[in-house]
Amino acid sequence: MKHLIAATAACALVVGCATQQPAMIGPATAFRLVSPGMADNTMLAPKYAGNFAKNPNCTGQNVSPALQWSNPPPKTKSYALIVDDQAGRNGLGVSHGVVYGIPADVTSFAEGELAGTPVKFVGGSSLLGVHYMGPCSPRAQAPHHYVFTLIATDLEPYALKGGMKRDELLKALEGHGLNAASLVLRFAQ
């Protein structure tokens, strides 16, 4: 019992415990993206996995994690968010999320909101043909790293057409990106 208490106390002091937010690294005024209640590099629970019927590795409920951001650069008019698994498809990568046209006054998505009907954003098209699909990493592999990258832009929220794929979006953002913040969440089954 003593060891359990000591381990729990130690967890509270260590960056990376799933129930603790990490210590802020860098200036407090830096542009940041976090998932409330989950430290950077946290293992996601099974409910966050995708539920794409054509892929037997998509075994979850496709609940998107809550996201929150702060300290955008001056002149931000909108945000774009991409979600990538670079180890997916045996290293060729998988785009799991493409959303953009997020107005500058939006500073968060509630849990599940990103995977739902686009209300606060324009839906793009991930590799799976939807704007967001949770992790679908193959069984018996090391955890995959799902990188959430939020890009602050100087574009008006609905300046870009809907349905853009990741590479098309990044091309359209050339010369319009002001800064970016990222978060890594991991998944394995």
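Where is Arg-89 found?

Modeller: Arg-89 is found in helix α2, which covers residues 88-91. Before going on, keep in mind that this is a predicted model: local features need pLDDT of at least 70, side-chain atom pairs count only at pLDDT 80 or more, and totals for chains, interfaces and linings use all residues. Residues are numbered from 1 along each chain as its sequence is written, and side-chain values use heavy atoms, with hydrogens and water left out.

Back to Arg-89: its phi is near 50 degrees, a positive value in a residue other than glycine. Arg-89 is also partly exposed, with a relative accessible area of 45% (buried means under 20%, exposed over 50%, partly exposed in between, using a 1.4 Å probe and protein chains only). Asn-41 has a positive phi too, near 80 degrees. Asn-41 sits in the loop between β1 (32-34) and β2, and at 37% relative accessibility it counts as partly exposed.

Now zoom out. The chain has 3 helices and 9 strands, where helices (H or I, at least four residues) and strands (E, at least two) are DSSP runs numbered from the N terminus. Read from the N terminus, the order is α-β-β-β-β-α-β-β-β-β-α-β. Of the 189 residues, 42% are buried. Take contacts (heavy atoms within 4.5 Å) between residues at least 6 apart in sequence: 69% of them join residues at least 24 apart.

The structure also holds 1 disulfide, meaning a pair of cysteine sulfur atoms within 2.5 Å. Cys-58 and Cys-136 form it, with their sulfur atoms 2.0 Å apart. The pair links distant parts of the chain, 78 residues apart: Cys-58 is in the loop between β2 (42-43) and β3 (67-70), and Cys-136 is in the loop between β7 (122-123) and β8 (144-153). The torsion about their S-S bond is about 115 degrees, so this disulfide is right-handed. Cys-58 is buried at 10% relative accessible area, and Cys-136 is buried at 9%.

One last check is pLDDT, the predictor's confidence in each residue, from 0 to 100. The chain averages 88, and 87% of the residues score at least 70. Over residues 1-21, though, pLDDT stays under 50. Where pLDDT is low, the predicted coordinates should not be read in detail.
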